[in-house]
Amino acid sequence: PVCAAALTNLTGARQQVADMLGVDELADTLDRNRVSREAVDAMWAACDDVVPDLVRYLNKKASLLGKERLDAWDLSAPLPGADAAVPWEDAVHTITSSFDVFSPSLGAFARAAVADRWIDGEPGPGRAQGGFCAFMPETGESRIFLTFGDARSVVTLAHELGHAWHNRWLAENPPGQRRLTSATAESASTFAETLYRDAASAAAASPDQKRRKLDEDLQAAVAYLMNIRGRYALERRLFELRREGALTPDTLRAETRRCFDHAYGGAVAHIDDMFWASKLHFYIPEFGFYNWPYTFGYLLSGALSARARAEGPAFEPVLARFLRAPGWLDASEAAREALGADLTEPAFWSSAMGPLRAKVDAFCAE
């Protein structure tokens with residue numbers, strides 16, 4: 001009841017402000033992220049198209065785990081047989097080598113970041129998993145904090161090095177043109193992560209290991225394209241329900257089940273219907289709709305990766321122009337000027353889905 005009362009008041013306050021301004025509940029988040037409504041709608045349309053493919057993956061994973069359907073707690077469960085921990089030197093070599101495939105300069109940048117001790121990754125008491133990259137614009141350098149250890153921390157390292165590389169390009173902008181939005185901040189980091197994931201899958205020593213690597217990739221796709229889709233739908237639904245009166249726990253639980261069941265294409269048997277109460281992102285006082293920009297960045301980096309595979313090193317200067325542009329342009333204008341891409345067309349977002357569908361096919365193959 002306390003959480004429901006909090007959501008009632010937060011949603012009602014935002015709704016009153018929007019009504020006085022003559023806008024809807026999305027106006028603030030779109031403005032904060034410098035993204036048009038048409039671009040977001042096109043993004044979700046592409047996500048909806050790939051749901052049947054992700055359902056195939058979820059059903060296959062359920063079969064591998066000996067279940068008829070997955071439950072919510074199975075979505076991030078590993079497949080039987082864990083990959084061994086990766087030594088630091090091996091992780092650095094694999095990451096930088098995967099960067100070299102796209103661009104030797106990106107690989108050299110990552111090696112310099114390691115050699116110059118930009119990274120604090122040594123495990124220790126009280127240090128949890130995760131990562132963070134801090135930008136030092138006056139020097140053009142970054143500092144990365146993470147706790148290195150298991151196989152997933154290698155992905156985190158590649159991701160944070162992508163952020164540092166993005167910062168390197170932003171440092172060339174004047175100070176007033178360096179601020180990224182949430183929707184564009186994850187583009188280079190997820191691009192770098194994809195380079196590593198592709199290399200790790202290609203280097204898998206056995207079919208079982210390859211399937212585990214594909215599972216890690218597809219877990220991320222489910223999180224970005226299905227789970228966040230459910231969060232977005234639920235948060236929009238809160239504004240509709242608030243006009244009818246106070247939000248109640250029973251109503252919120254029922255709407256959570258409905259929104260997430262639809263987002264998962266019916267492939268998840270048990271939905272966490274208290275997610276509305278446990279996810280702190282719904283309770284940020286200053287702004288709402290925290291999560292959709294991560295789907296935006298994930299798919300944007302997927303489209304960039306598809307172009308990089310097709311064009312090779314010649315794509316690097318094009319990508320560099322794009323990575324600098326969101327510091328002052330809205331996302332659609334930056335993509336149009338640097339990439340010649342139209343973010344309001346579902347076809348652009350669908351260009352990121354081809355490799356994803358290929359991974360589902362490989363995962364589901366006997």
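Author: Trp44, Tyr232, Phe239 and Phe289 are linked into a cluster by ring pairs. The model is a predicted one. In total, 17 aromatic pairs are counted. One of them is the stacked pair of Phe239 and Phe289, with 6.1 Å from centre to centre and 10° between the planes. This pair joins distant parts of the chain: Phe239 sits in helix 9, Phe289 in the loop between helix 11 (275-278) and helix 12, and 50 residues separate them. Both Phe239 and Phe289 are buried. A tilted pair is formed by Phe260 and Tyr264, whose centres are 6.3 Å apart with 40° between the planes. Phe260 and Tyr264 are buried as well.

Next, the core. In soluble globular proteins, nonpolar side chains tend to be buried together. Here the largest nonpolar core contains 110 residues, and Trp165, Leu225, Trp292, Phe296 and Trp349 have the most contacts inside it. Beyond its neighbours within four places in sequence, Trp349 touches Ala39, Ala42, Met43, Ala46, Phe296, Leu299, Leu300 and Leu343.

Ile144 counts as buried because its relative accessible area is 3%, where the cut-off is under 20%. With neighbours within four places left aside, the contacts of Ile144 are Trp118, Ile119, Asp120, Phe132, Cys133, Glu160, Leu161 and Ala164. Ala164 is 20 residues from Ile144 along the chain, and their C-alpha atoms are 8.0 Å apart.

The largest pocket holds about 1200 Å³ of space. Its lining consists of 35 residues, with Arg152, Gln219, Ala220, Ala223 and Tyr224 nearest the centre. Helix 6 (151-170), helix 8 (187-202) and helix 9 (207-242) are the elements that give two or more residues to this lining. Helix 9, which also carries Phe239, gives the most to the lining of the largest pocket, with nine residues. By class, the lining of the largest pocket has 16 nonpolar, ten polar and nine charged residues.

The second largest pocket has a volume of about 510 Å³. It is lined by 23 residues, and Leu180, Thr181, Ser182, Ala185 and Tyr294 are the closest to its centre. At least two residues of this lining come from each of helix 2 (27-33), strand 2 (131-136), helix 6, helix 7 (182-185) and helix 12 (292-311). Ten residues of the lining of the second largest pocket are nonpolar, nine polar and four charged.

There are also four cavities of 30 Å³ or more. The largest cavity has a volume of about 280 Å³. Among its 19 lining residues, Thr194, Tyr298, Gly302, Ala352 and Lys359 are the closest to the centre. Helix 12 supplies the largest share of this lining, six residues, while helix 8, helix 9 and helix 16 (353-364) each supply at least two. The lining of the largest cavity divides into nine nonpolar, five polar and five charged residues.

The second largest cavity has about 60 Å³ of space. Ala151, Val155, Tyr196, Arg197, Ala200, Ser201, Lys213, Glu216 and Asp217 form its lining. Four residues of the lining of the second largest cavity are nonpolar, one is polar and four are charged.

Conventions
Residues numbered from 1 in each chain as written. Predicted model: local features only at pLDDT ≥ 70, side-chain atom pairs only at ≥ 80, totals over all residues. Heavy atoms only, no water. Core = buried A, V, L, I, M, F, W, Y, C linked by side-chain atoms within 4.5 Å. Buried < 20%, exposed > 50% of the residue type's maximum accessible area, 1.4 Å probe, protein only. Contact = heavy atoms within 4.5 Å. 1 Å grid on protein atoms, 1.4 Å probe; cavity = no way out; pocket = protein on both sides within 12 Å on 5 of 7 lines; lining within 4 Å. Points joined across faces, edges and corners; volume = space filled by probe spheres on them. Helix = DSSP H or I, 4+ residues; strand = E, 2+ residues; numbered from the N terminus. Nonpolar A, V, L, I, M, F, W, Y, C, P; charged D, E, K, R; others polar. Phe/Tyr/Trp six-rings, centres within 6.5 Å; stacked < 30°, edge-to-face > 60°.
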